[in-house]
Amino acid sequence: MFDNLNSKLDRAFKVLKGQGRITEINVAETVKEIRRALLDADVNYKIAKEFTDKVKIEALGQNVLTSVSPGQLMVKIVQDELTTLMGGQARDINLKGNPTVILMSGLQGSGKTTFSGKLAKLLKEKRGKNPLLVACDIYRPAAIDQLKILGEQIGIKVYAEPENKDAVKIALNALKEAKLNGVHDVVIIDTAGRLAVDEQMMDEIAKIKAAVNPNEILFVVDSMTGQDAVNTAKAFNERLNFDGVILTKLDGDTRGGAAISIMSVVQKPIKYVGTGEKLDAIDVFYPDRMASRILGMGDIVSLVEKAQENFDKDEASRLAKKISKNEFNFDDFLTQLGQIKKMGNIKDLMGMIPGVGKAIKDIDIDENSFKGIEAIITSMTPQERQNPDSFTGSRRLRVAKGSGTSIQEVNDLIKQFEEMRKMMKTMNKFQGMGRSLKNMPMFK
Amino acid sequence: MGIFSFFSKDKKENLDKGLEKSRDGIFSKIAKAIAGKSKIDDEFLDELEDILIASDVGVETTLKIIKRIEARVAIDKFVSTSELNKLLKDEIVKLLNENTIEVKNTFEDLKGFKPYVIMVVGVNGVGKTTTIGKLANQFMKNGKTVVIGAADTFRAAAVDQLKVWSERSGATFVSHGMNTDPASVAFDAVKKAIEIGADVVLIDTAGRLHNKINLMTELSKIKRVMSKSIETAPHEVMLVIDGSTGQNAFEQAKQFTAATELTSLAVTKLDGTAKGGVVIGISDQLKIPVKYIGVGEKVEDLQVFNREAFVESLLGL
Ligand SMILES: Nc1nc2c(ncn2[C@@H]2O[C@H](COP(=O)(O)OP(=O)(O)OP(=O)(O)O)[C@@H](O)[C@H]2O)c(=O)[nH]1
Ligand SMILES: Nc1nc2c(ncn2[C@@H]2O[C@H](COP(=O)(O)OP(=O)(O)OP(=O)(O)O)[C@@H](O)[C@H]2O)c(=O)[nH]1
Ligand SMILES: [Mg+2]
Ligand SMILES: [Mg+2]
């Protein structure tokens, strides 16, 4: 997913490899590479500079005390700093107030309307709320229709006044209605996209805020945003003092450096992320996961949790345990493939497995590409599947024949599998360095 | 000036207005950076590097520009602010000139084709539909007949949105409604254009992230289907890029080219604070010319991209 930054950092860390301790001289090249990697990831240039300066100081201060390799040390420092920058703990949205009033804001096309639908669905299905969606975009062609269609899809009422050309009044009327009939405990106000430099439009949303006094103001931002993210976030924050940030379109391959920029500039937490166009493609934001994604350690926790939610809980935690003990075998791989296939975008999900992201970077993956893998694994004996190290040449030949593939394909698969296990092992080592797997929610 | 012959004459002013923010951003900073300095030193080049990076030009292109400037000032050590502005402009324009052929007059493209088919593609929310609405209006205003095909049959109210836009310009609207096969909409739009003897066909497609294989395959299919009725169609495949997008725009351009062989770019939302430096980077590295820029949400807020004018406006010259 964040493959580019990964390979950049890989390169940076390689420079440090084989050198016993961190000195001003041997860290300089690495720091430069990290900075470049951050810039390529769209982290704001000033923040990238501050960040690398900080990392450098940390690295120089710590080297005497530790026995780990400089590369590992740098990984830890970089990850810790990234996590801190992005806000530490995950934070929920404020559901106080009766009804709770939530106001959306953001640039054109960032994903406000879609996110309004996603949030309404989530609050309804997971929090037992009865939200009312309010269509306050009176400008964009068919904006009201769009929200209405989303509302229909998820069975949520949409308040709209197609003839009313006053967004403030519409918001007020909607709130009035919600209070009057007492059915809705959450009111989500979708607004038009606007530029921070558009005084008139910024005035409008400030007036909406003043009129409805929201419990939660969310700033919705496209994760592909470049250097401008800081300016926009700052301007919206100055005007609205928003409570949280929503990062959309994370299902793409953007590295998402904007997340780092925004957090450090406005000091507001990213509360949810959008991971697709469908209305269930919403996820909570975990700064530590994002940091580890940026660093190329894969997002194994997300993967496992997704599996947990959609499938068998026991199976998922069994899998996680196996990974942590480095006992992951072909049977597990097969199970995982089956789950991944049912979960949707395969490439995205595969990318969450440590080491796989890079391997599939330039490969087209479709459902069918799994067929060969499945055929090979099912042609193995149960013992072979549980002991991936047991493969002799004659066994490989038998498996190839049995699965109707070539010996080359079998060799490739075994090799890839081995590499994946190796990556998982490294991953465990990193986990052991600080935030151990035990501290993660799924193991509690 | 003649460079905006496609559109009305007062557009230069608009472009300036649209780019005012960019100019303030980049070149007032440069002016500040060199205030009190009469020669280019490392400190200045560092500053320049920051400024270009902050405009989303990208590390690679920035380093390229810096190198060129270094080479130039190696010959000519002492330069004034105004000389430096000119030098910068020269180098950036030159970079654009080296890699792509400039689009001078978009009516030239239409010659020899009836209809001329433009397929519009891009990631979610960048401004594809809006750009089509604006384009249709420009063509219609200049006496061309336009057919718009609603091949985004996926996003909620996408068809309704495009319909409103086509009504604004009076273009002929072809749609099969929501959740229908986009390729057959595209096919029928081209067919309709042949029937009524239209000059231009504009095909709107659903926003899609370039890493979604299935959706990219679908896009290739939409493109292929059109060539069944006119072998050379689509004559143009335009990628719309949000001007505030960072380095991911490169990957977008790469992947969309792989799926549909892009022929042009449109960069939108340049009326915001985003610097639009991505234009320079993509032109340089991917060699696909920028054809239009979007500078607002109204029907007239579309301009033919002109590098001279663009860089001049950027520099505030
Ligand atoms: N892939 C992906 N697409 C998304 C996501 N969120 C929104 N989109 C898409 O992005 C596009 C814009 O989304 P909208 O919800 O219309 O954005 P908006 O902010 O309401 O736009 P305006 O009202 O015009 O300012 C649509 O095509 C959405 O389907 C996401 O998380 N992933
Ligand atoms: N300020 C500004 N806004 C623009 C510009 N072009 C488009 N927009 C706005 O950006 C938002 C998204 O535009 P659309 O045309 O719906 O984008 P799209 O690419 O068709 O979106 P999807 O079909 O959902 O992928 C709308 O609110 C437009 O009004 C521009 O040049 N400047
Ligand atoms: Mg909207
Ligand atoms: Mg559209």
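A residue counts as near a ligand here if its C-beta atom, placed from the backbone, lies within 6 Å of it. With that cut-off in hand, here is a set of close-ups of this predicted model.

**View 1. Ligand 1 sits in a site shared between chains A and B.**
The shell around ligand 1 holds 26 residues. The closest are T113(A), G193(A) and G274(A) from chain A, together with N124(B) and G125(B) from chain B. Because residues from both chains surround ligand 1, the site is shared between the chains. If you are looking for a landmark, start with helix 5 of chain A (residues 112-127), which gives the most to this shell, with three residues. By class, the shell has four nonpolar, 15 polar and seven charged residues.

**View 2. Ligand 2 lies between chains A and B.**
Around ligand 2 you will find 27 residues. Q108(A) is one of the closest, and G127(B), T130(B), G207(B) and G294(B) are the others in that group. Here helix 6 of chain B (residues 128-141) makes the biggest contribution to the shell, with three residues. The shell around ligand 2 divides into six nonpolar, 13 polar and eight charged residues.

**View 3. Chains A and B meet through 38 residues of chain A and 36 residues of chain B.**
On the chain A side, helix 2 (24-40), helix 6 (143-154) and helix 9 (229-240) each supply at least two of the residues that touch chain B. Helix 6 of chain A has the largest share of that side, with four residues. What is the make-up of the side of chain A that touches chain B, by nonpolar, polar and charged residues? It divides into 12 nonpolar, 13 polar and 13 charged residues.

**View 4. Helix 6 of chain B packs against helix 7 of chain B (residues 158-169).**
This is a second look at helix 6 of chain B, the helix that gives the most to the shell around ligand 2. Its axis and that of helix 7 of chain B come within 8 Å and cross at roughly 15°. An angle under 35 degrees counts as roughly parallel, and the two helices are therefore roughly parallel to each other. The crossing is right-handed. From helix 6 of chain B, the contact uses T129(B), I132(B), G133(B), A136(B), N137(B) and M140(B). Helix 7 of chain B answers with Q161(B), L162(B), W165(B), S166(B), R168(B) and S169(B). Sorted by class, the contact has five nonpolar, six polar and one charged residues.

**View 5. Helix 10 (residues 248-260) and helix 11 (residues 278-286) of chain B pack at an angle of about 40°.**
The axes of these two helices are 10 Å apart. How do helix 10 and helix 11 of chain B lie to each other? They are oblique to each other, as follows from their angle. Helix 10 of chain B crosses helix 11 of chain B in a right-handed sense. Helix 10 of chain B brings A249(B), F250(B), A253(B) and K254(B) to the contact, while helix 11 of chain B brings V278(B), G281(B), I282(B), Q285(B) and L286(B). Six of these residues are nonpolar, two are polar and one is charged.

In chain A, the peptide bond from N98(A) to P99(A) is cis, with omega near -5°. In chain B, a cis peptide bond joins A233(B) to P234(B), with omega about -5°. D56(B) is not a glycine, yet it has a positive phi of about 65°.

The model scores ipTM 0.88 and pTM 0.78. Chain A averages a pLDDT of 78, and 70% of its residues score at least 70. For chain B, the mean pLDDT is 83, with 80% of the residues at 70 or more.

Note on methods: Residues are numbered from 1 along each chain as its sequence is written. Chains are lettered from A and ligands numbered from 1 in the order in which they are written. This is a predicted model: local features need pLDDT of at least 70, side-chain atom pairs count only at pLDDT 80 or more; totals for chains, interfaces and linings use all residues. Two residues are in contact if their C-beta atoms, placed from the backbone, lie within 7 Å. Ala, Val, Leu, Ile, Met, Phe, Trp, Tyr, Cys and Pro count as nonpolar, Asp, Glu, Lys and Arg as charged, and the others, Gly among them, as polar. pLDDT is the predictor's confidence in each residue, from 0 to 100. Axes are lines fitted to C-alpha atoms, for helices over the stretch in contact, and angles run from 0 to 180 degrees between N-to-C directions. Angles under 35 degrees count as roughly parallel, over 145 as roughly antiparallel, 65 to 115 as roughly perpendicular and the rest as oblique. A crossing is left-handed if the near helix is turned anticlockwise from the far one by less than a right angle, and right-handed if clockwise.
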